[in-house]
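The structure goes here first, and my entries follow.

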Amino acid sequence: MSIMVMLKLLSAGMLKSISIFAFTLILSIPLGMLVAFGRMSKNKVISNIIKIYISIMRGTPLMLQLLVVYFGPNLLFGMNIAGYKYPAIIIGFAINYAAYFAEIFRSGIQSMPQGQYEAADVLGYSKRQTFMKIILPQVAKRVLPPVTNETITLVKDTSLAYALSYTEMFTLAKQIAAAQTTFAPLFIGGIFYYVFNFVVAEVMNFIERKMDYYK
Amino acid sequence: MKKKILAVALCLVMVLTMFAGCGSKDATTGGDTITTFNVGFDAEYPPFGYMDDNGDYTGFDLEVAQAVCDLEGWELIKTPINWDAKDQELNSGAIDCIWNGFTINGREDSYTWSVPYCDNSQVVVVAEGAGIATLADLAGKKVGVQAASAALSVLTDEEAQKELGDSFGELAQFGDYNAAFAELAAGALDALAIDIGVAKYQLNSRGEGFVILDEHLNAEQYGVGFKLGNEELRDIINADLEKLYADGTITALAEKYEIADMIILGA
């Protein structure tokens, strides 16, 4: 196999990896926000349910979660799961990453000094206004570095989709490696991840600088 | 506020459309009008199923499956599967059959099988000059075997070669052949127990340095595996295999993939 063909194949696979990455990010960040609020809820029932959810998502392997999300409907309810593979991957990744994002958001929100809430109250801000106009903009700045961490991990975690026989970039690299009996495709796969992560890190860095409006 | 509602609504729509994909596609097992034939295979299993130099999935088994589809007027769908999840893929209807150097022996009751079409022995590959010439020499050695493979069941089955397997120093399971051969070449493994067809492909492709022991672990056969009870589809494939053997298609393909001496159809 020529190097050009290999690069073309791996690029096509990388598009699939990136689609998993993008959909997961779009879904898991808002979901993570909701989970964070649930976790901080004064309602004991809600906060305990969310605690268990986060505990399971963080405490079990993502690969197993993907298998459960994909094959679960068939094993438990006998449903036909033809065509459900890609949605299952996105759902699996999104609910897992939401748990991690939720804890990052919670740490950001809880790091805000109580005095700011009191000052806002004195100035006549409603609870919603206080959160949207005072707390959230500061939280966004504060949580950006750990969110970048998670995002970069997510890029590499997309390779776990192979557990559901989804041929994203790294699965393709492994198939080419098997047919050509060489490790070279795996290294090229590594370069693909690195380049993409480099871009992700630069973008996050740019956003961080944009948000640094008080310096 | 409006923007936020819109954003949430869009997210919901996205999730719902993803679910909408479920169940809209019919599996082809019903038997009324079959139009597609969805073959599950391990794309890391040359020469039976793998990716060729142009990036297309090919191999002996896939080409025979294509010939069957040409006969029946079906569309062949090649679905590379994660070998560890093959049963879930088959039983959930995601694929119609497993057709990829799939060993019958030891799995007789787990699938509805086609006629055996290919003879396949389990053999042992060692590094040249390692001083291992017979199976008895393997006592106390570290032997590698692919996870969930036929070789593994041979070496752990009471009625097969469990005694031999127990004589090994260690039976290590690996995921793919590149890693296994790299370990063998580096001395981290003393021997590999694998299918003869795969062993020949690997040795051809890697050149010098490895030998196949003359003594085989056992003799086995490959078949096409269908979901238990799916005899309707099985009978169609069986008839087509005989037809394709009679008109020489299968022999020609076997010669192309250098496994002609292993075909056992029409016997």
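In which hand, left-handed or right-handed, does helix 1 of chain A pass helix 2 of chain A? I looked this up and found a left-handed crossing, a term used when the near helix is turned anticlockwise from the far one by less than a right angle, with right-handed used for clockwise. I note that this is a predicted model, in which local features need pLDDT of at least 70 and side-chain atom pairs count only at pLDDT 80 or more, while totals for chains, interfaces and linings use all residues. Residues are numbered from 1 along each chain as its sequence is written, and chains are lettered from A and ligands numbered from 1 in the order in which they are written.

**Entry on the helix pair in chain A.** Helix 1 of chain A and helix 2 (residues 44-59) of chain A pack at about 125°, with their axes 7 Å apart; helices here are DSSP runs (H or I, at least four residues), as are strands (E, at least two), numbered from the N terminus. Helix 1 of chain A is therefore oblique to helix 2 of chain A (under 35 degrees counts as roughly parallel, over 145 as roughly antiparallel, 65 to 115 as roughly perpendicular and the rest as oblique). I listed V35(A), G38(A) and R39(A) on the helix 1 side, and I46(A), S47(A), I50(A), K51(A) and I54(A) on the helix 2 side, as making the contact (C-beta atoms, placed from the backbone, within 7 Å).

**Entry on the helix pair in chain B.** I then looked up helix 2 (residues 60-72) and helix 9 (residues 249-256) of chain B, whose axes come within 10 Å and cross at roughly 155°. That makes helix 2 of chain B roughly antiparallel to helix 9 of chain B, and their crossing is right-handed.

**Entry on helix 6 of chain B.** The buried residues of this helix are Y177(B), N178(B), A180(B), F181(B) and L184(B) (buried means 20 or more other C-beta atoms within 10 Å, exposed 12 or fewer, and partly exposed in between). Seen down the axis of helix 6 of chain B, these residues fall within an arc of 165° (taken from the directions from the helix axis to the C-beta atoms), so they line one face of the helix.

**Entry on A12(A).** This residue is found in helix 1 (residues 3-40) of chain A, and it counts as partly exposed because it has 13 C-beta neighbours inside 10 Å.

How values were computed
Axes are lines fitted to C-alpha atoms, for helices over the stretch in contact, and angles run from 0 to 180 degrees between N-to-C directions. Two residues are in contact if their C-beta atoms, placed from the backbone, lie within 7 Å.
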